[in-house]
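Reader: I am new to this structure and would like to understand the words used for it. Could you walk me through them?

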Amino acid sequence: MSRPAPPRSVRLRRSVLSVPAINRRALHKIADLDCDAVIFDLEDSVAPEKKAEARENLRAFFSSLPTSKEEAGKERIIRINTLSSGFGAEDLELVLALQPDAVLLPKVDEPQDVTVVSDRLGEADAPESLRIWGMIETPRGVLNAAAIAEAGRTPGSRLDCLTVGLNDLRKETGVLPQPGRAYLVPWLMQVILAVSAYGLDAIDSVFNDFKDVETFDAECAKGRAMGFAGKMLIHPNQIEAANRHFGPHEAALAEAEAIIAAFADPAAAGLNVVNLGGRMVERLHLVQAERLVHKARLISERLRPSTSSG
């Protein structure tokens, strides 16, 4: 008999903005943005000769942040270079010093890419709150997505989330960038199946043309329909659409509250199925409803961006 997937952590990950760590101006604008999470990028967006400067930028930036992550209101993720690149070891030392919410591993090809970093964090006595995200952006990564997600549920692993990187995947496969991503959908859904089987989140890939609002809006809607928790972004102008599409919709929230109320009725005690307006609703739908309502509560309670930063 198969075991159910472990429960996912309930985090707001509708809008995940990637910010080059070399760009000080962009770093200091983050406080005023209504994104749920920020990826501080030390990898692709930073030239090799600028890696050290980018690390120092992050060190200075983190020293100016609120000491409470709850006060900051955004999940903080640092994307490092691969450990084999010559830059990754120093990046990981910086992660241990700054202790963000997570470290994002690029080009995860196999489970060992995650377990090696999990072991290093454990050996350094990093707090359990320092989690791991993995970028699935190579053919091997897609093929091994289930094994990578499964490894995230082994003892000591810190894997919370997989993020899809389609730019590298297109480059390695020759698939052309087309609206609708028809030839990429099977690979995207393979990642969704992997995270769903092992209780992780998946974040949809970036959309490169931030001025094409209409196509981006359609891609967000499709990503939400596929089952992604949110979207990785390259520009602040994309935040509003991502929050809107990946957040709880009004009708879905009303239905979730009705499901919770139906199971809270004393008459439903001990029942696995209840009648809700002529539709049979199972207790598994109650779990989904509670997650949705909790996310809506997190959105309403989250501190709004400060208007005092320059």
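Predicted model: local features only at pLDDT ≥ 70, side-chain atom pairs only at ≥ 80, totals over all residues.

Reader: How do you know that strand S1 and strand S8 pair, and in which sense?

Author: Residues are numbered from 1 along each chain as its sequence is written, and side-chain values use heavy atoms, leaving out hydrogens and water. Strands (E, at least two residues) and helices (H or I, at least four) are DSSP runs, numbered from the N terminus. Two strands pair if DSSP finds at least two bridges between them. S1 (residues 15-20) and S8 (residues 230-233) share three bridges, in the parallel sense, so they count as paired. One example is Ser 15, whose bridge partner in S8 is Lys 231.

Reader: What makes the strands a barrel?

Author: Eight strands close up in the order S1-S2-S3-S4-S5-S6-S7-S8, with parallel pairing.

Reader: Why is helix H11 called mostly covered?

Author: Buried means under 20% relative accessible area, exposed over 50%, and partly exposed in between (1.4 Å probe, protein chains only). Six of the eight residues of H11 (residues 239-246) are buried, including Ile 239, His 245 and Phe 246. These buried residues of H11 pack against S1, H10 and S8.

Reader: What makes a nonpolar core, and which residues touch the most other members in the largest one?

Author: Such a core is a set of buried Ala, Val, Leu, Ile, Met, Phe, Trp, Tyr and Cys residues joined through side-chain atoms within 4.5 Å. The largest has 60 residues, and Phe 40, Leu 58, Ile 78 and Val 103 touch the most other members. Helix H9 (residues 185-198) gives the largest share, five residues.

Note on methods. Contact = heavy atoms within 4.5 Å.
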